[in-house]
Amino acid sequence: MNPRDWIPHHQFGFRQAHSTAQHCHRITDTINKALEDQKYCAAVFLDVSQAFDKVWHPGLLFKIKKTLPSWYYNLLKSYLQDRHFVTKFNNETSSRFPIRSGVPQGSILGPLLYTHYTSDLPTSRKTTLSTFADDTAIFTTHSDSTTASVNLQGHLYKIEKWLQKWKMKVNETKSSHITFTLRKGQCPPVCINQTVIPHVETVKYLGLHFDRTLTWKEHIAMKRKQLDHKTREIKWFIGKNSPLSLENELLIYKTILKPVWTYGIELWGCVNKSNIAIMQRYQSKLLRTITNAPWYVTNHTLHTDLHIPYIHTVIHDRINKHRTTLASHPNPLMEPLLQPTHNRRLQRRWTFDWTD
């Protein structure tokens, strides 16, 4: 099956050569352009309730029959029907009940069926839709805050009707509405299902924390706390009294702790030097703890002898790799990210400024 025939470009989940970093780069590019042009970027991050469990079987089979070859219909109909569930508590077991919705989670076909079921999610010319599996984000940019909210609300009305038609639900209170801008004020509230979506100053999406002005301060602060928590949990592994060899202690750092701060570094790595120094101090301190190095051993010596690159080196390498990947990316939505923005007003780094 060729996914290009029925998976929309805005869907990055469960697709070969598509990652969360690439998906979020498209989002940050939209925000940066709005900040650069002194506009309001209104965004809504929707929380779909029990997304995989709420796939309506008759609706899914209808879409399969309409879109895919006929032999798939009978095969997938047999796969979905005649499934039952029971509830067991201690020694008591309930009766069997039929499963009339949901795709089998943990299966190979589960993500494929969910992606196909949501492939016709409504879009709008005035907004930007980004989806990664069930994580849905809608953006719109305008110089007038009221107009931005009107455009966003118009798209939400379309999605509301789609949700009702295909029997899916959104958790309104867990969804988020945020205004990205350097100007004063914020965009007027928007609602879905006649419920106002809460307005926030920062939002967590796919493991990244986006703040109102996209400074990444909140993200770095949260990742720093997460690193402290994980370090305390495995302190007996990598502390001064650890029975492990130096090689194994470094292996633990690279496989458990390092991925925490390297995730999304292609995007947040463009922050100013003071924020990068926060992560660098953590790494230097941890290497000193692992090696039990005396005070006169410099951080440069630790990094050189242990073959651990500095944070800014990791950023540079990851961004270069990210740029190379986008240059041959199969999704046409990635192409605009490679185009340079000239005569920029703000003195702030964008993702690919590190490669210049």
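**Helix, strand and surface**

Mentor: Start with helix α1, residues 20-36: at 1.5 Å a residue its 17 residues should span 24 Å, and the end C-alpha atoms are 24 Å apart, so the two values agree. Keep in mind that this is a predicted model.

Trainee: Fine. How many residues of α1 are buried?
Mentor: 16 of the 17 are buried, so α1 is largely enclosed by the rest of the structure.

Trainee: And what follows α1?
Mentor: Gln38 follows α1, and its phi is positive, near 60 degrees.

Trainee: Which residues sit on which side?
Mentor: Tyr40, Ala42, Val44 and Leu46 are on one side, with Cys41, Ala43 and Phe45 on the other. Both faces of β1 are covered.

Trainee: Which strand does β1 pair with over 7 bridges?
Mentor: That is β7, residues 135-142, and the pairing is antiparallel. Within it, Ala42 stands opposite Thr140.

Trainee: What about β8, how many bridges there?
Mentor: 5 bridges join β1 to β8, residues 176-180, and these strands also run antiparallel. Ala43 stands opposite Ile178 in β8.

Trainee: Now the surface. Which residues make the nonpolar patch?
Mentor: Phe85, Phe97 and Ile99 make a nonpolar surface patch of about 250 Å². Phe85 is found in strand β2, residues 84-85.

Trainee: Why does Phe85 count as partly exposed?
Mentor: Its relative accessibility is 40%, and partly exposed is the class between under 20% for buried and over 50% for exposed.

Trainee: Last topic, the segment after α12. Is Thr351 buried or exposed?
Mentor: Thr351 lies in that segment, and it counts as buried because its relative accessibility is 7%.

Trainee: What is Thr351 in contact with?
Mentor: Leaving aside neighbours within four places in sequence, Thr351 is in contact with His25, Glu266, Leu267, Cys270, Ile319 and His322.

Trainee: And Pro340, buried or exposed?
Mentor: Pro340 is also found in the segment after α12, the helix of residues 311-327. At 60% relative accessibility, Pro340 counts as exposed.

Trainee: How far apart are Pro340 and His9?
Mentor: Pro340 and His9 are 331 residues apart in sequence and 22 Å apart in space, C-alpha to C-alpha.

Technical notes
Residues numbered from 1 in each chain as written. Predicted model: local features only at pLDDT ≥ 70, side-chain atom pairs only at ≥ 80, totals over all residues. Heavy atoms only, no water. Helix = DSSP H or I, 4+ residues; strand = E, 2+ residues; numbered from the N terminus. Buried < 20%, exposed > 50% of the residue type's maximum accessible area, 1.4 Å probe, protein only. Contact = heavy atoms within 4.5 Å. Patch = residues over 30% accessible without salt bridge, like charges linked within 9 Å, V, L, I, M, F, W, Y side chains within 5 Å. Areas by Shrake-Rupley, 256 points an atom, 1.4 Å probe, with all protein chains shown as cover. Salt bridge = Lys/Arg side-chain N within 4 Å of Asp/Glu carboxyl O. Pairing = 2+ DSSP bridges. Expected span 1.5 Å × (residues − 1).
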